[in-house]
Amino acid sequence: MNISEAPLHIDCSEELGLLTEAATNYLRDKSTFEEMRKLAETDSGYDTTTWQELADMGWLGLAVPEEFGGSGLGIPELTKIFELMGRFLFSSPFLANTLATQAILQSNSDGHIQDWVADLCSGSKIATLALTEPNNDSWEPTAITCTATKNGDSYTLAGTKNFVLDGQNADTIIGSFMIDGKPALIMLDAATTSSLSQLPEQLVNHARRSTRINFDGVQVPASAILATGDEAVKVLQYVFSLTYILLSADMAGTANGGMELTLEYARVREQFGKHIGSYQAVSHPLVNAMLLIEDSLSLVYYAATVFDGTWGGESEIAGRMAKSRSAEASDLIGRRAIQSHGGMGFTWECHAHLFLKRAQWGQYAYGDPTHQRRHLAALIID
Amino acid sequence: MKKIESPELKEFRAEVNKWLTDNKPAKPSFPLPQSFTEVGNNDQFEYLKAWQNKVYEAGYLGMAWPVEYGGRGRPQELQDIVNQEMLNVRTPLMVNAVGLSWAGPTIMKHGTEEQKQKYIKPILTADEIWCQGFSEPGHGSDLGNVQTKAVRDPETGEYVLNGSKIWTTLAEQAEHMILLARTNPDASSKYAGLSFFLAPMHAKGVEAKPIYKISKEYGFCQTFFDDARIPAESLMGEEGHGWMIAMSVLTFERGVTGGQAGGNLFEITTVRDVHDTAVDCIRDGKPSLEDPVLRDELIDLYISERATRLSKHRGEHSALLVPERMHGLGLANKLVGSEGRQVLNAFAVKIQGNQAQLYMDDENAINGGLWQHGQLASFAGSIGGGTSEVQRNIIAERVLNLPKSR
Ligand SMILES: Cc1cc2nc3c(=O)[nH]c(=O)nc-3n(C[C@H](O)[C@H](O)[C@H](O)COP(=O)(O)OP(=O)(O)OC[C@H]3O[C@@H](n4cnc5c(N)ncnc54)[C@H](O)[C@@H]3O)c2cc1C
């Protein structure tokens, strides 16, 4: 059995403590149910003024080194922001933009870093990733069938990507394509991005935005290539492992939000002359959900602590463990939230479904628990 | 704030590891209990008692308790290291569990100077074993309702006990009992009539009768009090304060509060142990570890095991706790630990396929049938010390702030 014997630990910086307080206050204030419901009805799904505030607070480049225009903090701090965004159901292109920014940084492509990263941190541009495909419905980073074929000085793209987060809001898209049978990351410039025909997807979490994009015939210059071969694989693995952590944090936070909503109701709603929260059939499943949430948070911050973006070791294992448990936690509390509200819980007006929907989206994006455990089994048992 | 062990602590850890490895007693000819609630015969008892005594004499028990009572007056983090290394080296468990982990800390917190002088050192040396007289035949979960009577004799000041306690672990071996009894049947509430005693087990009129457990081994007793007279000094705190002290005992017992003398009370079984059994197991003609469903379950158990251990580390950082329930992790310790052991044991049986039907004394039983035994024994954790249902009630009320279920 391949189990790390290194002593377990979880890091927490002083900055993280300060950030937690500030971010909680900000998001509680900004991300009200009313506001998020309003945004969910818009095309873009986010508020540009708020987005600029995130930039001004340094969140858009939170884990970007200061020399590139970021705040120079680490993955644990970034993880905290995701947890709190989940807690308050905050919607924006934050995940898309953060992952794309990290992909550019990891590619070590100086030109692209110079051209884009500062703008992505300042909020003046938005980037996203196009990685998964309807063609194979795979959750693994290198299962790529889209191609880029050399054609004189440029490359011709072919194939379709789906779940391109905030594709409709993005100024640039970074996609994974095969060049001569090897993975490559290609970054489209603003003009090419805006000329793409994107099909908005209808997601179970209707507050999220994503698109399906057919790249057939799109021409890009050789300079669009961010990374190829092993380099590209490394960047992809880095991005996927980071996504596991950030989505897990989002789900753990979402679960906490759903928990609070449900507890508030269970404390005041009365039936048969008693508060429903005094019935064990109501309260004990909430205790079970709480235990799963506590597990999730411990796994999430452990994963953030040991994160190095590489595949095959404790960093990958920790990220997948977090993703597996957090998905279960947020799914359970999402369901209990609806059930515990009775008839009210079945209405659009009741907020309970918002938590289950966000949980469902997070669960099925980038690999559900069964998928994660199958990969963990290969890493740990064999 | 990366937590890195200082060179001094690292050195201490190595020293402890070496001492434990060198001094770990040879495996006896009889099977050892996996938990202190399973000490079922005298051979086991004497073997474990000698080991606890040796650990104490070496200075590795009660390390953070004051020197004047027999402790070593050293920092708690050293005892924590010893506890961890005991699990790593897999040394036998500490037999005076009730003394070390709940009676002892309770005496340290609520006892008089005299009581500390008298009781603490023999707890550490294992010369005086303790048991706990809380549950009664009629009242277990509803502990506040216990009916064993303690009536003060106005002439001698002694208390006269009548009634019975049950499921008393180690009662036969014990010198003393922490006892919850009713001194005032007419008090304003059921709780207000209770008092707490440090009662001698060898008084006339006290009798412990062993009861077979689920495994047909001994381990707990029914304790009868028939006009048993115990001295006035047995009373701890004041009359009517029994419930408050009993609750304090439970926080030690359930690991909600620190202050225990140290040492392991269980043999720890891990997912790795289950895996090591699983590699030799066949289910339905194929290696169990190739079955995708079992693989999935094993990994889920591994995730739980890691999460539980990691929660202790997350608990050190308030910014990583959920603000609405800062104390939730501590109150959940007992529930998480006992249910974790239960599912792990059940899984270790399941992977054995057809062989899972065999039990301990069958020579063909996988791993000597220990997992089958462990599966049964694991109910000690989900019933003893307050059932899992009661633990969920407590968490619902105190952590989730839900209205009482009663
Ligand atoms: C191995 C072992 C060792 C023990 N050692 C000791 C010891 O040393 N000293 C000692 O004093 N006691 C000891 N106990 C006793 C233990 O504390 C009690 O068995 C336990 O508290 C349950 O009480 P009970 O047996 O009366 O069950 P009951 O209280 O009758 O419970 C029966 C069932 O009803 C459920 N139930 C009861 N009340 C509620 C409620 N409010 N909500 C939901 N469900 C409820 C319980 O969870 C359980 O499933 C030991 C028990 C075991 C198994």
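A:Met259 reaches across to the other chain: its contacts (heavy atoms within 4.5 Å) include B:Arg325 and B:Leu400. Within chain A, leaving aside residues up to four places away in sequence, A:Met259 touches A:Leu286, A:Ala289, A:Met290, A:Ile293 and A:Ile333. This is a predicted model, in which local features need pLDDT of at least 70 and side-chain atom pairs count only at pLDDT 80 or more, while totals for chains, interfaces and linings use all residues. Residues are numbered from 1 along each chain as its sequence is written, chains are lettered from A in the order in which they are written, and side-chain values use heavy atoms, with hydrogens and water left out.

A:Met259 also turns up in the largest nonpolar core, which has 137 residues. Such a core is a set of buried Ala, Val, Leu, Ile, Met, Phe, Trp, Tyr and Cys residues joined through side-chain atoms within 4.5 Å; buried means under 20% relative accessible area, exposed over 50%, and partly exposed in between (1.4 Å probe, protein chains only). Along with A:Met259, the members touching the most others are A:Leu54, A:Trp59, A:Phe94 and A:Ile104. Helix 8 of chain A (residues 229–268) gives the most to this core, 18 residues; helices here are DSSP runs (H or I, at least four residues), numbered from the N terminus. A second, separate core holds 75 residues, among them B:Phe36, B:Val95, B:Ala103 and B:Phe252.

Now for the interface. Chain A brings 55 residues to the contact and chain B brings 45. About 4,700 Å² is buried between the two chains, with carbon and sulfur atoms giving 61% of that; this is the accessible area (1.4 Å probe) that two parts lose on being put together, summed over both. On the chain B side, B:Arg272, B:Arg306 and B:Leu310 lose the most area to chain A, together 13% of what that side buries.

Charges meet here too. The interface has 8 salt bridges, each a side-chain nitrogen of Lys or Arg within 4 Å of a carboxyl oxygen of Asp or Glu. In one salt bridge, the side chains of B:Arg314 and A:Glu294 come together at 2.7 Å, N to O. Helices 7 (271–278), 8 (292–314), 9 (328–350) and 12 (388–398) of chain B each supply at least two residues of the side that touches chain A. Helix 8 of chain B has the largest share of that side, with 15 residues.

Away from these topics, A:Glu14 sits in helix 1 of chain A (residues 14–30). A:Glu14 is exposed, at 61% relative accessible area.
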